[in-house]
Amino acid sequence: MEFPFDSTVAVAHRGAHGEGRPENSLAAVERTAEIGARAVEFDVVALRDGRLVVSHDEPTGERAESLPDMEQFLRVVAGSDMILNLDWKRRGGEERACGMLRRYGLLERTLVSSTDRRVIARFKQEAPGVATGISLAQRRTSAAEAAREVSRVVRESRADAAMLEYRGASEEMVRVLRGAGVGVFLWTAPDQETYSELASLKPDGIATDAIEQQLDPQHRL
C-alpha cells in the first residue's frame with residue numbers, strides 16, 4: 001500500500017453499523033462490503049489464551065468467550081476489494097495475525113494502526129509488506145508545532161501513516177505529512193457534515209460512522 005492516495009477514501013468505522021448491526025460486528029462488516037465501501041476498519045484484541053477477537057477493549061469472562069474471531073471478518077474482506085484497517089488494541093498476536101493476512105491474500109491492502117510503537121515494529125518485522133499507522137490524539141499546540149511533532153513521531157515509529165484525531169488535524173499538517181509521502185487518516189467523523197468538512201483537507205482517508213450516507217449521493221452536502 002503506497003501513500004499518498006489519489007483521493008480521500010471513506011473508511012467504515014467499525015463497519016457499517018446501524019440498527020441490528022452493532023459496531024465491530026460481523027454483520028456490520030458484511031454490510032460494508034454489500035454497499036460497496038472502499039475501506040473498512042475494525043478493532044482487534046489479542047486475548048491471553050491466544051485468540052484474536054474483534055473488540056474495542058479487552059473482554060473478560062463470558063463476554064470474551066462469545067466474541068467472534070478475527071478470521072471470520074478476514075474472510076469477508078478477502079471476498080471483496082476493500083482496504084482493511086485493523087486497529088490493534090493490545091500488544092500480542094502480531095505473528096499469528098500476519099499469518100492470517102498472508103493466507104487470505106490481504107497483506108498488500110491492509111493498514112494496521114496502533115498507539116503502541118512496539119506493535120508497529122512487530123508487524124513490520126513479521127510482514128514487511130503490510131502498511132502501518134501510528135494513532136495520535138489531538139495536539140493542543142499551534143498547527144505548525146503540531147505538524148512538526150506528528151512528523152517526528154511518525155518518523156521515529158517508522159510508521160507508514162499517521163492516524164489523527166480529526167479535531168487536531170489542519171491543512172498544514174496534512175500538507176506536510178503527505179508531502180513527505182506519509183499517509184494521513186482522520187478519525188472519526190460522527191456524521192456526514194463533519195465528513196464533508198474534513199474532506200476539504202484532502203487526507204488519504206477518513207473514518208466515518210456515517211458510511212452509508214457518504215455513499216448515498218442524496219445525503220452528500
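Predicted model: local features only at pLDDT ≥ 70, side-chain atom pairs only at ≥ 80, totals over all residues.

## A charge over a ring

Arg 167 lies over the face of Tyr 166, at 6.0 Å from the ring centre.

## Counting the aromatic pairs

A pair of aromatic rings is described by the distance of the centres and the angle of the planes. How many aromatic pairs are there? The count comes to five, and two of the pairs are described below.

Start with Phe 5 and Phe 185, which form an edge-to-face pair. Their centres are 6.0 Å apart, and there are 90 degrees between the planes. Phe 5 is in the segment before β1 (9-13), while Phe 185 belongs to strand β8 (residues 183-189), so this pair ties together parts that lie 180 residues apart in sequence.

## Trp 88 meets Phe 123

Trp 88 and Phe 123 also make an edge-to-face pair, with 5.1 Å centre to centre and 80 degrees between the planes. What does this pair tie together? Trp 88 sits in strand β4 (residues 83-88) and Phe 123 in helix α5 (residues 117-126), so the link is between parts 35 residues apart in sequence.

Why do both count as buried? Buried means under 20% relative accessible area. Trp 88 has 2% relative accessibility, so Trp 88 counts as buried. Phe 123 is buried as well, with a relative accessible area of 0%.

Notes
Residues numbered from 1 in each chain as written. Heavy atoms only, no water. Phe/Tyr/Trp six-rings, centres within 6.5 Å; stacked < 30°, edge-to-face > 60°. Helix = DSSP H or I, 4+ residues; strand = E, 2+ residues; numbered from the N terminus. Buried < 20%, exposed > 50% of the residue type's maximum accessible area, 1.4 Å probe, protein only. Lys NZ or Arg CZ within 6 Å of the ring centre and 35° of its normal.
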